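Subject: Structure for you to look at

Hi,

Here is the structure I promised to pass on. Please open it alongside this email, and I will walk you through what turned up.

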Amino acid sequence: MIPLDALVVALLAWQRRWRNAAFAATAFIGSALLNLGSKQLFQRERPSLWESIAPESTFSFPSGHAMGSMTLAAVVVFLAWRARWRWPAVVAAVLFVPLVGLSRVHLGVHYPSDILGGWCAALGWVCGVHVLMFHRLWSPPLA
C-alpha cells in the first residue's frame with residue numbers, strides 16, 4: 001500500500017492541491033507511526049493456529065495491513081467526497097478494506113481483533129486529521 005499512498009500524495013502535489021496532499025501525507029505517515037507504536041505498546045504475539053504461507057515476525061496487534069488499507073480508503077473517500085467520484089470511491093473502499101482484513105485472518109497472521117483494532121485506529125486517525133485540517137474550530141454562539 002505504500003506505493004499507492006505515495007502515488008496519491010504525488011498526484012495531489014502534481015495538481016498543486018497542497019492542502020489535500022498535506023492531509024494525505026499526514027494521514028499516511030501518522031497511521032504508519034501509530035501502528036508501529038501500538039505494536040510496541042501491546043506486543044501481542046501472532047496466532048499459531050496453523051502454519052502460515054506468509055509468516056510475519058513482528059507483533060500482531062494492530063494489523064498494519066488493516067490500518068494501511070483503511071487509511072488509504074478513508075483518505076480517498078474524504079478527497080472524493082465533493083466530487084462525482086464519491087460513490088465509486090465508497091464502493092471501492094467497502095470492497096477493498098474487508099478483503100484485506102479477511103486475507104490477513106485467512107493467512108493466519110492475525111486475530112480478527114487485530115483487524116478490527118487496525119480499522120478503528122486508522123479511521124479515528126484519518127477523521128481526526130481531516131477535522132484538524134479542514135474544519136474550523138467550533139466556537140459556542142455568543143449569548
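In what order do the elements of the chain run from the N terminus on? The order is α-α-α-α-α, and the secondary structure comes to 5 helices and 0 strands. Helices here are DSSP runs of H or I with at least four residues, strands are runs of E with at least two, and both are numbered from the N terminus.

Two notes before the details. This is a predicted model, in which local features need pLDDT of at least 70 and side-chain atom pairs count only at pLDDT 80 or more, while totals for chains, interfaces and linings use all residues. Residues are numbered from 1 along each chain as its sequence is written, and side-chain values use heavy atoms, with hydrogens and water left out.

**The chain as a whole**

Of the 143 residues in the chain, 37% are buried. Buried means under 20% relative accessible area, exposed means over 50%, and partly exposed lies in between (1.4 Å probe, protein chains only). Among the contacts with a separation of 6 or more, 70% are between residues 24 or more positions apart; a contact means heavy atoms within 4.5 Å.

The expected span is 1.5 Å times one less than the number of residues. Its buried residues are Asp5, Val8 and Leu12. Helix 2 and helix 3 are among what covers the buried residues of helix 1.

Arg16 deserves a look. This residue is in the loop between helix 1 and helix 2, and its phi is near 60°, a positive value in a residue other than glycine. Arg16 counts as exposed, at 64% relative accessibility.

Asn35 belongs to helix 2 and is buried, with a relative accessible area of 7%. Leaving aside residues up to four places away in sequence, Asn35 touches Pro62, Ser63, Gly64 and Met67.

Phe42 also lies in helix 2, but is partly exposed, with a relative accessible area of 48%. From C-alpha to C-alpha, Phe42 and Pro62 are 8.5 Å apart in space, and they are 20 residues apart in sequence.

Helix 4 (residues 86–106) has 21 residues and reaches 30 Å from its first C-alpha to its last, close to the 30 Å expected. Its buried residues are Ala89, Val90, Ala93, Val97, Val100, Gly101 and Arg104. They cover an arc of only 110° around the axis, which puts them on the same side of helix 4. Turned away from that side are the exposed residues Trp87, Val94, Leu95, Leu99, Leu102 and His106. The buried residues of helix 4 pack against helix 3 (64–80) and helix 5 (112–134). Just after helix 4, Gly108 takes a positive phi of about 80°.

Helix 5 has 23 residues and reaches 33 Å between its first and last C-alpha, close to the 33 Å expected. Buried in helix 5 are Asp114, Ile115, Gly117, Gly118, Ala122, Val126, Val129 and His130. These buried residues pack against helix 2, helix 3 and helix 4.

**The largest pocket**

The largest pocket has a volume of about 440 Å³. On a 1 Å grid over the protein atoms alone, a pocket is an open set of points with protein on both sides within 12 Å along at least five of seven lines, and lining residues have an atom within 4 Å of a point. Of the 20 residues that line the largest pocket, the closest to its centre are Ile2, Ala32, Gly64, His65 and Gly68. Helix 1 (2–14), helix 2 (18–42) and helix 3 each give two or more residues to the lining, and the largest share, 7 residues, comes from helix 2.

Best wishes

Methods:
Arc of directions from axis to C-beta. 1 Å grid on protein atoms, 1.4 Å probe; cavity = no way out; pocket = protein on both sides within 12 Å on 5 of 7 lines; lining within 4 Å. Points joined across faces, edges and corners; volume = space filled by probe spheres on them.
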